[in-house]
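I opened a new notebook page for this chain.

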Amino acid sequence: MTIEILRRLLAAFPLPPDPEDADAMLAALAVGVVERQRILDALGGPLRATTEEERTLVLEIEARDAAWRRALAAARDLVGTTRANLAKVRGYAGPR
């Protein structure tokens, strides 16, 4: 049963989309978070990875989680840079 739950958790979070598309990233994150929480809520307790295949899936889930954190940080930085550049452009345009 553990292997099936791990596979479902992995399927709930595919690799993140391109950080330059913040809307697609947030939409994918919203779907993934809800699905992952649904799976975790149904567990009723902690999982134990006891086989090599289960441990491999846990490592893949951790790698996906790290990929999402990196992609979200990149998207945040991109949005911040875009906002700063827009403020500069508005400043160049002068008062309205």
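Before I start, I need one term: I count two residues as in contact when heavy atoms of theirs lie within 4.5 Å. I also note that this is a predicted model.

**Entry 1: the length of H2.** I looked up helix H2, which covers residues 22–43. It has 22 residues, and at 1.5 Å a residue they should span 32 Å. I then checked the end C-alpha atoms and found them 31 Å apart, which agrees.

**Entry 2: the faces of H2.** Which residues of H2 are buried? I found Met25, Gly32 and Ile39. Seen down the axis of H2, the buried residues fall within an arc of 70 degrees, so they line one face of the helix. I wrote down the general rule beside this. An α-helix has 3.6 residues a turn, so residues three or four places apart point the same way. On the other side of H2, I listed Asp23, Leu26, Val31, Asp41 and Ala42 as exposed.

**Entry 3: H2 against H3.** At what angle do H2 and H3 pack? I read about 145 degrees, with the axes 11 Å apart. H2 passes H3 in a left-handed crossing. I then noted who meets whom. From H2 come Ala22, Met25, Ala28, Leu29 and Arg36. In H3 they meet Asp65, Trp68, Ala71, Leu72, Ala75 and Val79.

**Entry 4: H1.** I turned to H1 and listed its buried residues: Thr2, Ile3, Ile5, Leu6, Leu9, Leu10 and Ala12. What covers them includes H2 and H3.

**Entry 5: the cores.** How many residues does the largest nonpolar core have? I counted 9: Ile3, Ile5, Leu6, Leu9, Leu10, Ala12, Ile39, Leu57 and Ile61. H1 and H3 each supply at least two residues of this core. The largest share, 6 residues, comes from H1. Leaving aside its neighbours within four places in sequence, Leu10 is in contact with Leu57, Glu60, Ile61 and Arg64. I also found a second, separate core of 5 residues, which includes Phe13, Trp68, Ala71 and Ala75.

**Entry 6: after H2.** Last, I looked at what follows H2. That residue is Gly44, and its phi is positive, near 80 degrees.

Conventions
Residues numbered from 1 in each chain as written. Predicted model: local features only at pLDDT ≥ 70, side-chain atom pairs only at ≥ 80, totals over all residues. Heavy atoms only, no water. Helix = DSSP H or I, 4+ residues; strand = E, 2+ residues; numbered from the N terminus. Expected span 1.5 Å × (residues − 1). Buried < 20%, exposed > 50% of the residue type's maximum accessible area, 1.4 Å probe, protein only. Arc of directions from axis to C-beta. Core = buried A, V, L, I, M, F, W, Y, C linked by side-chain atoms within 4.5 Å. Axes fitted to C-alpha atoms, helices over the stretch in contact; angles between N-to-C directions. Left-handed = near helix turned anticlockwise from the far one by under 90°.
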